[in-house]
Amino acid sequence: MSEEKKPLNFIEHIIEEDLVNGLTKDKLRFRFPPEPNGYLHIGHTKAIGISFGLGETYNAPVNLRFDDTNPAKEEQEYVDAIKRDIAWLGYQWENELYSSDYFQKLYDWALQMIKNSNAYVDSQSSEAMAVQKGTPTQVGTNSPYRIRSIEENLDLFQRMKAGEFPAGTHVLRAKIDMEDPNMLMRDPMMYRIMYAHHHRTGDDWCIYPMYDWTHGESDYLEQISHSLCSLEFKPHRKLYDWFKEHVYDYSKDQLPLAPKQREFARLNLSYTIMSKRKLLRLVEGGVVTGWDDPRMPTISGLRRRGYTPNSIRKFIEKVGVAKRENIIDVSLLEFCIREDLNKTANRVMAVLDPIKVVITNYPEDKEEWLEAENNQEDASAGFRKVPFSREIYIEKADFKEEPSAKFFRLQPGGEVRLKNAYIIKANSVVKNEKGEVIEVHCTYDEDTSKKVKGTLHWVSIKHAITAEIREYDRLFMHESPDSDKDKDFMEFINPNSLTVKTGYLEPSLAQAKIGEQFQFQRLGYFNVDTDSKSKTLVFNKTVGLRDSWDKQKPKPKNNQNQNKPKPQQERPAISLIQQFGKKYTNLPEEKQSKVKAEIQELAKNVSYDELEPLFGTAVKKVGTRIATLITLKVLLKNGLEHNDAISEFINKALEDKNELLVAEATTI
RNA sequence: UGGCCUAUGGUGUAACUGGUAACACAUCUGUUUUUGGUGCAGAAGAGUCUAGGUUCGAAACCUAGUGGGCCAACCA
């Protein structure tokens, strides 16, 4: 059904392999398991996209399972928000499920584990247990309670459940191996006592299962075939499998499929943070106005900012799936939203930083309603009328009294086209006492057929409506704000992440509805914010247009351009020679001689001590040996004395079967 | 004093399980254009972390080193 060879990611490879090895397609089943303790963010969309995406490509069900085993942190509000966000992204879950649905089953299995001597009740303090647990580099030691009898364990565990003990007095632990190099295998906790009200089970339970003793078992109960999670759960896999093997043993007749956990690298976006806890600090610290602040990387923030479900799904698709740590550049996200909006957003004219233009040969009381195309990318978008009159606004940046050569907007004596209207020519300017231009006086020409280089957007002053315009910049000035070991991410906050201004918009915008999206021509994409009132519209700038003019202007100081050439000068000549050598034999002849010349040039800066180690280069690395030889020749010419090492190296080269190498060696 | 994961252009992901590295974003040209947008055409940029090994042949397999990440919550 797909085009033959769309490359698969490693998870799809695993699935394909399982399918080949006997797993039938109808057994495929996935799940997305958020903890309802906060809002979903762009990082979650990767996990969502992977599991739900797999569901779509294999036509398999995907469960939405709330991992709600810690009543202290979880709330119904988050459940609702999560459902809303996933649905907004356009994904459909097969079943809405909760880990708490499985509390009884988990409890029954736990009793079974105790009966089989695979679990015991520990009655130490958490501190004592922490000490016994050891460290990553040091093995742990057994708890004194590890040898309790089955009967005693059963009795204690049942009384834990009955609420006979205060919180913190007992826990149930799996009996595995306190010396396992994987700390999660050192008798991990299965249950703790907790007198907290659960948003779904109320006060039915006072013991709650831990993540590890819940997650895999929930997967198993739901007969999930592939349980996908992020890399930090890799160490949990061993425990996941340990628990799984035991419960499988108890229930394989009813539940024949044993799920498989696999891990992928989570998403990181440059200039933003992804941790719920840190996001919460931004909200509580008043840095942003809430979880849905348009600067937030939350799904609700992106939605409010104007990102479409389509663009986000596209983004996730482009980001790919692998196992190495990554930081994705925001420009990819911006590309995705531009690509989407370019096709769907109607074009309008709005001036955000105005300067007045008076068209002196246009009658004072005249006005015209000119036709304007809504979206040239979409023929069905139709046309609208925009009013034209004697006095209009254009952007301040679109007029320059003393322009540079490449500037082709309005300038004294110059002509420019007004989008959807006439061609105007600037004749004179009016300045204030500070010498700043406050008005440009122009004359217009009704002949719109001639060619002029620049086209400006504009708005008729007397017809314009005003609106609050919110422009956003990145929230952090650091590419990876939460990865600095010494500095708190709050130190990197960009103080100018929000700019509010008043914009002058063409009157058709008066009817704009909340959420509606437009391209303000030549400026960017904007949507109507939820803060809008009927008379005062508020617009968010979703993203600017690509702007190749902007790039020509002098760069701001801390220009983060990552595309700088490699600092070749700083690399030692010998390493460059080595690099040239590697590709030497693969080069076409003419390029080869060029590279050879470069090597000879570089060789002047190489000392014998640097070169000698390369004599030992493996026989098969002919290129490197040739480069070494070329360099050696230069050194010899410059007075280097022959020695045994050199002679041996040359002799070996002469005996080689590679002609190039032999040729170089003979000329020495 | 350990275990596990990982390393491919600036960024991210590929490379049909060994045959000389592709795609997207970013960058830069040219062209079209009533958006310095879009579209179209094109360019530059890595020889796959390092060192060994296996092989006729390695980005891929093996070993070691180095760099990065994860692992000691009654969190998930």
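**Note on the charged contacts of the predicted model**

1. Leaving aside neighbours within four places in sequence, Arg470 is in contact with Arg304, Leu498, Thr499, Val500, Asp529, Asp531, Val538, Phe539, Asn540 and Lys541. The model is a predicted one, and in it Arg470 sits in strand β21, residues 465-472, where a relative accessibility of 15% makes it count as buried.

2. The side chain of Arg470 also makes a polar contact, at 2.8 Å, with the side chain of Glu468, and both residues belong to a network of salt bridges that links Asp292, Arg304, Glu468, Arg470, Asp529 and Asp531.

3. Glu471 forms a salt bridge with Lys541, with 3.8 Å between the closest N and O atoms. Because Glu471 lies in strand β21 and Lys541 in strand β25 (residues 537-544), this pair ties together parts that are 70 residues apart in sequence; Glu471 counts as buried at 16% relative accessibility.

4. A salt bridge of 3.7 Å, N to O, joins the side chains of Lys356 and Glu439. Lys356 belongs to strand β12 (residues 354-359) and Glu439 to strand β18 (residues 437-445), so the pair ties together parts 83 residues apart in sequence. Lys356 is partly exposed, with a relative accessible area of 23%, whereas Glu439 is buried, at 18%.

5. Lys252 and Asp249 form a salt bridge whose closest N and O atoms are 3.5 Å apart; here Lys252 counts as partly exposed at 36% relative accessibility, and Asp249 is exposed, with a relative accessible area of 51%. The count for the model comes to 39 salt bridges.

Notes:
Residues are numbered from 1 along each chain as its sequence is written. Chains are lettered from A and ligands numbered from 1 in the order in which they are written. This is a predicted model: local features need pLDDT of at least 70, side-chain atom pairs count only at pLDDT 80 or more; totals for chains, interfaces and linings use all residues. Side-chain values use heavy atoms; hydrogens and water are left out. Helices (H or I, at least four residues) and strands (E, at least two) are DSSP runs, numbered from the N terminus. Buried means under 20% relative accessible area, exposed over 50%, partly exposed in between (1.4 Å probe, protein chains only). A polar contact is a pair of N or O atoms within 3.5 Å; within protein, one must be able to donate a hydrogen and the other to accept it, and residues adjacent in sequence count only if both atoms are side-chain atoms. Contact means heavy atoms within 4.5 Å. A salt bridge is a side-chain nitrogen of Lys or Arg within 4 Å of a carboxyl oxygen of Asp or Glu.
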